Amino acid sequence: MGNTVALAELVEGRALTKRNTMKSTTVRTQGRVAGSFGLGGVRQKAEMDRKLRFTALLHHITATQLRESYYQLKKDAAPGVDKETWREYYVGHWDRIENLRERIHSGSYRAQPSRRTYIDKEDGSQRPLGIAALEDKIVQQAVRNVLNQIYEADFLGFSYGYREGRSQHEALDALYVGITSKKIKWILDADIKGFFDNIDHEWLLRFLEIRVGDKRILRLLKKWLKTGYIEDGKRVRQEVGTPQGAVISPLLANIFLHYVLDVWASWWRHTQTKGDMIIVRYADDFVIGFQYYEEALKFLTALKRRFTEHKLTLHPKKTRLIEFGRYARENRKARGKGKPETFDFLGFTLSCSRDKTGNFFLRRKTIKKRLRRTIREVKEELKERMHKKVDETVTWLASVITGYINYHGVPGNINSVRGFHQQCERELYRTLKRRSNKARKLTWKDFREIVKGRIPKPRLSQPFPDERFWRQRLEVRAV
């Protein structure tokens, strides 16, 4: 019984996150949150009263908070339109941040447009990114730190993306446990078409005002939403969407989907279904499982309608309702159909399989396209490093392989890990042989001596999901 309750709380209910007690000092406040004790006090108030509207939040944006936010930023991130890097800003940053604080509180702070750039997607298209100016990043991080205290109390347990103490593997674990422990027979694999580019500002601000009553914070958020971006020397005002790459964007996206999807889907599960239903969402990527096909179809129809009301669209080609789960193989075989379809989630292809004893096993394998793309990127980088020091190149490749193993080394995926490892070693060997005429004589035996003890061996780095899942639930309950 205890396990069932824990599963419901994590996969379907409100989060059981550990308390993040922030350093705090007593402050004088306005409005309904009088007597709050720093950010820890904001979190406490948000948890105590789910309907509380915070009317005084800007005073939490202190010089200390701004400095901490500055230190939280990536030091090697690309600069925005201001062309200023983290390290350049460091010179005299104490005085500069104090000046920034004064501008924020006096209302003279002005957000700068983002610098637009593009990254390639797996399907051959390009995803636009918005790189904010450094001071905008600092202020966004500070506001994000404050708002997180409120929304971490609100976000539901099946929401995992860009949240405190939550990871992609925890989302994968929750999905694994949900499918293997509940009577899930159908999977809704959904994709929101251009989500970040189509977030409606009016709806987003309406959702923010449910919890945020401080007009000064809301004005900051409006500035970042409306300021737009610079592309090819021209400024483009943004009337819809929030730029991917902006520090504040992940939180705003989570807030939007919290109200549009999470709260509504949780209500649906409790009021409109008779069978089992599970939900796992990581940012705009979500999977929903059902026991009954009729309920899954009814939910999909309602979901399309709800998204349309909030100016979102499900991708018609990437959104599928497929037969899946413990009973899918037998049920499809009885009807004379082939193997159950597969679906992708967070870098893995999930399929219905069997373990050595013949029992159902939810297999997770690295997505083939992603594996090929990563190997191609390694090959191209090794070409660039051809004439660098061998030790330096080997160290770099070892870090790449270690990172790959740490993420993809899940039970059932050892063949993909081995394949990646072998291909990386092969590409390194070819690169070293091309360095010079003398290097062409390099043998595999000599190569093995060079990389011996330096290139990590293929292994499983992640435990079985149900083991970690229940262990974490027990740890949280012990806090």
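Which residue forms a salt bridge with E330? The partner is R354, and the closest N and O atoms of the two residues are 2.1 Å apart. This pair, in a predicted model, is shown again in one of the close-up views described below.

**Figure 1. Overview of the predicted model.** The structure shown is a predicted model. The protein has 479 residues, and buried residues make up 50% of them. Its secondary structure consists of 18 helices and 11 strands. Among contacts with a separation of 6 or more, 70% are between residues 24 or more positions apart. The protein exposes about 24100 Å², of which carbon and sulfur atoms supply 49%.

Figure 2. In soluble globular proteins, nonpolar side chains tend to be buried together. Here the largest nonpolar core holds 77 residues, and those that touch the most other members are V143, L147, L221 and F299. The greatest contribution to this core comes from helix α11 (residues 249–271), which gives 12 residues. Another core, of 28 residues, lies apart from the largest one; Y160, A171, F348 and C352 are among its members.

**Figure 3. Surroundings of L221 in the largest core.** L221 is one of the residues that touch the most other members of the largest nonpolar core. Neighbours within four places in sequence are left aside in this view. The residues in contact with L221 are then V143, L147, L208, I248 and L252. Two of these, V143 and L147, are also named with L221 among the residues touching the most other core members.

**Figure 4. The salt bridge between E330 and R354.** The side chains of E330 and R354 form a salt bridge, with 2.1 Å between the closest N and O atoms. Distant parts of the chain are linked by this pair: E330 belongs to helix α13 (residues 328–334) and R354 to strand β10 (residues 348–354), 24 residues apart. E330 has a relative accessible area of 38% and is therefore partly exposed. R354 also counts as partly exposed, at 31% relative accessibility.

**Figure 5. The buried salt bridge between R211 and D154.** A salt bridge of 2.8 Å, N to O, joins the side chains of R211 and D154. R211 is placed in helix α9 (residues 201–211), whereas D154 is in the loop between α6 (134–151) and α7 (168–181), so the pair ties together parts that are 57 residues apart in sequence. Are these two residues buried or exposed? R211 is buried, because its relative accessible area is 1% and the limit for a buried residue is under 20%. D154 is likewise buried, with a relative accessible area of 6%.

**Figure 6. Further salt bridges.** The count of salt bridges comes to 23. One of them is formed by the side chains of D214 and R216, at 3.2 Å, N to O. D214 is buried at 2% relative accessibility, while R216, at 31%, counts as partly exposed. Elsewhere, a network of salt bridges links D189, R320 and E341.

**Figure 7. Polar contacts of Q149.** Q149 is located in helix α6 and is buried, with a relative accessible area of 1%. Its side chain makes a polar contact of 3.4 Å with the side chain of R43. The Q149 side chain also reaches the backbone oxygen of N145, at 3.1 Å. In sequence, Q149 and A46 are 103 residues apart, yet their C-alpha atoms are 7.4 Å apart in space.

**Figure 8. The buried residue S69.** S69 is part of helix α3 (residues 63–72). At 0% relative accessibility, this residue counts as buried. The side chain of S69 reaches the backbone oxygen of Q65 at 2.8 Å. When residues up to four places away in sequence are not counted, S69 touches I138, Q141, A142 and N145.

Figure 9. Which residues make the nonpolar surface patch of about 350 Å²? The patch is made by Y71, Y90 and W94. Y90 lies in helix α4 (residues 86–90), and at 43% relative accessibility Y90 counts as partly exposed.

Terms used. Residues are numbered from 1 along each chain as its sequence is written. This is a predicted model: local features need pLDDT of at least 70, side-chain atom pairs count only at pLDDT 80 or more; totals for chains, interfaces and linings use all residues. Side-chain values use heavy atoms; hydrogens and water are left out. Patches are made of residues with over 30% relative accessible area and no salt bridge: like charges are joined within 9 Å, nonpolar side chains (Val, Leu, Ile, Met, Phe, Trp, Tyr) within 5 Å. Accessible areas come from the Shrake-Rupley method with a 1.4 Å probe; for residues, only the protein chains shown count as cover. A salt bridge is a side-chain nitrogen of Lys or Arg within 4 Å of a carboxyl oxygen of Asp or Glu. Helices (H or I, at least four residues) and strands (E, at least two) are DSSP runs, numbered from the N terminus. Buried means under 20% relative accessible area, exposed over 50%, partly exposed in between (1.4 Å probe, protein chains only). A polar contact is a pair of N or O atoms within 3.5 Å; within protein, one must be able to donate a hydrogen and the other to accept it, and residues adjacent in sequence count only if both atoms are side-chain atoms. Contact means heavy atoms within 4.5 Å. A nonpolar core is a set of buried Ala, Val, Leu, Ile, Met, Phe, Trp, Tyr and Cys residues joined through side-chain atoms within 4.5 Å.
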